[in-house]
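Please read these points with the model open beside you.

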Amino acid sequence: MSAAKVKMREKKMRNQPASVQYSASPRHEESSAQKNGGAAPFTGGGGGGGDAGGGRSGPFGVHPNTERSKSPQPRGGWVRGHHKDGGGYAKEMPNQITAGAFATARASEVRTMLKAATKTTGSSHVFGALPKHMRRRAMSHNTKRLPCRLRDVANRMRAKSLQADPSKKKKQVSKCRSRKARRRHGDLLLEFNRRQRKNKWLETHIWHAKRFHMEKKWGYCLGVRPTYKCYRASYRAMSSHCLMQDLSYYCCIELQGEEDTLLASLSQLTSKEAGPTFAAALSLSGQRQGSVDVYRAGQYPLQPLGPVTFLWRPRAQGSTHRQLWIWVHPTIKQDLLPELQAVCQCDEAVLPPAVTPAEVVPALEPEPEPEKTPESKPTTGTKRKRTFKDAREPSAKMILGDGTRSPTTPVTWKSSSNGIVISDLTMEIVRYRLIGPQSHSVLAATLEAATACDGKDASHPSFLWWPEHCKNESQMNLHRQQADVFHLLKGIYSSGELPSGAVLGLTVDDPRLTLPTKRVKASPCVKQAQDGEEEKRRELMLRGPPAHCGQSSLWESSVRDNVTDNKISNKLLNHMRSELLVPGSRLSRTPPQGRVPVLLVHQPGKQVGHDMTSWGAGWDLLLPKGWGMAFWVPLVYRGVRVGGLSMSLKHSQNKGAAHFPHDYPDCPAGARFQEEQEAQLLGKFKRYPPAKRNNYIKHGCLAPFYCPWQQLAEEWELIAREEGRLTESADAAMEVAAVVAPREDVAVTKPPGRVTVLRNRKSLRLLSGWCTPTSSKGQRAPRGRAVPPLDGAASARFLSAHAMSLAWVRLSLLTKGKPELHAMVCVPTAADLMLLDTEPVGSGPQEPPHKDHFKGPFRCRKKDAKAAAAAAASSSRSDKTAGKESDPPAAPAGLKSSPDLASGVWPDPLPSIASHCSRVTLGWVTQGDFSLSAGRGEALGLVSVAGLLDALAGQPARRRGTLLLRNPTSLHYRFAKVNLEV
């Protein structure tokens with residue numbers, strides 16, 4: 001038999017019963033053999049016992065009546081195919097058998113056969129009894145998909161499994177909760193309200209969730225980027241038309257009190273050295289919006305909190321009581337609010353009134369519940385019908401405002417000594433930002449000044465705010481002036497022509513009343529104006545709207561609540577449209593509930609540099625809560641493009657401005673962001689296979705996932721202090737490398753100060769003059785008064801106050817290249833500057849590859865404990881014998897024990913940062929990309945002030961301000977021009 005046939009036979013006989021033999025005495029065996037024809041005892045060898053007489057040949061003989069006695073040793077068992085000589089089977093039936101012995105042998109074989117047939121092979125599931133082509137994965141979840149003959153067994157196995165582990169029990173879902181039932185309006189609102197308990201939703205959340213990638217950040221669910229490709233389209237919108245963002249996640253803190261008291265309290269948080277404060281004249285009058293960097297009380301220039309924008313309410317005639325709105329990023333609120341309460345002495349919390357939510361309002365006359373009878377119980381599989389009692393219950397309402405805040409949490413604090421009141425207006429005001437030169441055109445096409453009430457409506461008392469507002473003639477005169485100024489905005493070509501921070505209050509009609517039937521693109525309406533109107537337009541472009549035009553009813557909390565509570569529902573509005581004679585036309589009479597107070601705040605564009613000034617200017621639209629989607633959809637129908645958080649970062653990059661919290665490492669929020677970013681980047685790095693990871697040690701990159709600003713500032717401060725005067729940066733860094741490497745030595749010589757970002761305007765202008773600021777397209781002479789020369793005395797005086805400071809700079813590549821996050825900013829050597837003179841369009845120098853001394857220890861960490869111990873013992877013996885051989889630097893002691901370390905990344909503590917590479921390191925890039933506005937790679941980052949002065953002092957005048965950039969994953973340096981603009 002061939003080997004293939006043997007394998008096939010073994011496969012077929014795998015589950016057959018084994019040979020059996022009943023036990024009997026020798027005498028019995030002999031008599032039985034004689035009675036059965038003289039054969040051997042009955043066996044089941046090879047599945048035998050199938051012949052009637054049992055005269056099958058045994059292993060030691062054959063039947064005497066056969067003619068094969070002279071043949072050689074017979075083949076044992078079953079053999080496939082036909083055999084010429086009969087194959088060892090008996091050809092004649094036996095004459096007689098013993099019934100008892102025969103039945104016993106057959107019973108044993110049948111028992112073995114049944115045991116083999118009922119035993120499952122491999123898996124113990126009942127599905128193994130089915131052929132492979134009939135098995136389905138769904139059978140393990142629904143036993144009704146099995147054949148009828150196997151359902152009972154499967155149900156018993158499932159019950160036994162659930163009894164052993166109750167956690168496997170599947171939650172019973174009622175049949176009445178079909179998808180159609182779950183998608184009912186009331187059920188959807190209840191589900192949405194439940195999902196807002198942990199993370200707040202903006203009013204445009206549902207709109208964004210259908211079109212954007214959403215992320216949970218800062219306690220909100222925010223849209224990061226669209227699901228479709230729109231990077232270049234978004235840039236075109238910011239450059240030529242309009243891009244819109246929802247900034248309602250910004251927190252608003254309201255302060256009320258006497259003007260002098262407020263200014264005295266807020267002055268502890270700011271400094272005039274860093275720029276205009278809360279007391280700036282234009283901002284204090286309410287004509288402009290201001291921005292300022294706030295610090296902890298009395299701690300300037302240390303312990304900054306971050307940037308804020310503020311808006312004063314215009315002064316009321318004959319009153320010194322003022323109202324101030326401070327808009328902060330949600331990550332600053334937890335740090336700024338306690339500081340405001342401390343400086344304003346507002347330690348008395350005002351508890352909010354107890355308001356019962358609409359979802360749990362009890363009925364006026366509660367009826368006793370009827371007794372539950374067996375007939376009244378709903379049976380499984382029947383749908384629950386809505387009864388009349390259910391119809392009387394109040395329907396679910398959408399959460400407006402902060403849904404995560406408890407109703408008993410105080411949001412107002414007052415002072416008993418100075419009368420200041422602080423209120424937290426988070427999520428109480430909706431804020432949209434429109435970026436682009438045609439932002440004002442989009443607003444002019446979407447908004448229309450509110451029409452005055454009819455005489456009949458104004459004569460009768462009303463619970464609405466607008467009819468009562470129309471009764472005051474002075475307020476209506478102010479409304480007409482604001483409407484005239486808004487009408488002048490339609491004739492302006494670009495939003496950048498207006499003064500930055502201009503404020504305009506207005507009351508508009510419901511924009512849903514003028515919603516176009518299809519999406520259109522708003523365009524500027526520049527016409528030949530009359531002489532008087534042209535003069536007003538020029539005055540508006542020069543000085544902005546008057547201060548009294550910044551007044552708005554949006555400042556009043558009672559008006560905001562009235563407008564929110566009496567908003568026209570979409571259902572009622574659609575019903576009113578259906579009754580129009582001409583479909584698509586506007587309603588002839590605006591409903592009295594359709595007047596909304598708004599505030600328009602101008603946002604400045606690019607304010608640094610000499611090219612593309614006022615790029616990215618636009619408007620902010622402030623609304624009362626509840627009206628978010630009523631304004632969002634009409635604005636989208638005017639052709640705006642919607643952006644997310646990623647576009648906010650790109651907007652800051654193109655403007656050359658710092659973005660919070662990415663570019664504020666000295667603030668608590670910036671430090672927290674850097675830790676989160678490091679964990680995110682390191683986790684992404686570890687998810688790659690080891691063979692696909694970048695070896696940052698070989699690239700000479702000490703910190704690819706974070707920027708150790710404190711260590712960098714300490715090293716450069718130590719360099720400047722040790723030398724006493726500024727020398728060549730490379731030599732100075734190399735001389736003190738041995739002292740700087742262990743960071744504990746720095747703490748022994750001098751307690752390390754806290755690193756800060758330089759924000760002193762006077763010092764920044766001086767440093768900017770020394771850097772010879774240039775644009776991205778060529779070098780230009782600095783404007784303003786003459787700058788003193790950069791010598792040893794001037795740099796020493798400057799470093800005496802700012803040795804531990806970082807400077808915010810903008811870097812423009814001179815050749816090709818694209819800066820990346822955490823790219824290193826380095827100082828070129830004299831040979832590098834000569835290379836730039838000989839090859840202006842050259843690629844730049846290269847960093848020699850570094851040696852990875854940690855590759856061996858990481859390999860040893862993968863071995864088991866015994867192999868590692870043996871390797872350590874052998875290495876110790878080799879060290880004793882060969883003491884003259886030089887070994888590479890040893891790895892840190894905790895390298896093998898720490899499970900969080902990854903190969904290719906330098907473990908803590910880091911060596912000297914400044915002198916680790918062949919070019920001295922000054923800082924790192926926090927924002928970098930190819931700039932579509934400049935047409936080349938641009939980066940924004942922070943550098944050490946001491947290191948920058950050291951580099952500028954050693955460069956020739958015509959090459960002053962030339963630095964090098966190197967990405968973490970590259971060994972190639974790129975030449976860049978530093979720009980420090982104030």
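1. A disulfide is a pair of cysteine sulfur atoms within 2.5 Å. By that cut-off the structure holds zero disulfides. Cys346 is in none, and the nearest cysteine sulfur, that of Cys344, is 5.1 Å away. Cys346 is also buried, at a relative accessible area of 2%; buried means under 20%, exposed over 50%, partly exposed in between, with a 1.4 Å probe and protein chains only. For Cys701, the closest cysteine sulfur is in Cys917, 7.9 Å off, too far for a bond. Cys701 is likewise buried, with a relative accessible area of 2%.

2. On the basis of the work: this is a predicted model, where local features need pLDDT of at least 70, side-chain atom pairs count only at pLDDT 80 or more, and totals for chains, interfaces and linings use all residues. Residues are numbered from 1 along each chain as its sequence is written, and side-chain values use heavy atoms, with hydrogens and water left out.

3. Which strands stand at the edges of the open sheet? The sheet has six strands, ordered β13-β14-β15-β12-β4-β16, with mixed pairing. β13 (503-509) and β16 (641-642) are the edge strands. Each has a single partner strand, so one side of each lacks a neighbour in the sheet. Strands are DSSP runs of E, at least two residues; helices are runs of H or I, at least four; both are numbered from the N terminus. Two strands pair if DSSP finds at least two bridges between them. β13 pairs with β14 (residues 595-603) in the antiparallel sense, over seven bridges. Val508 stands opposite Val596 in β14.

4. There are 18 aromatic pairs in the structure. Tyr295 and Tyr300 form one that is edge-to-face, at 5.0 Å centre to centre and 90° between the planes. Rings of Phe, Tyr and Trp (its six-membered ring) pair if their centres lie within 6.5 Å; planes under 30 degrees apart are stacked, over 60 edge-to-face, the rest tilted. Tyr295 is buried at 1% relative accessibility, whereas Tyr300 is partly exposed at 24%.

5. Trp218, Tyr220, Tyr249 and Tyr250 form one aromatic cluster. The charged end of Lys200 sits over the ring of Tyr220, 4.5 Å from its centre. Such a charge has NZ of Lys or CZ of Arg within 6 Å of the ring centre and within 35 degrees of the ring normal. Arg431 lies over the face of Trp327, 4.6 Å from the ring centre.

6. Overall, the protein chain has 32 helices and 23 strands. Of its 982 residues, 44% count as buried.
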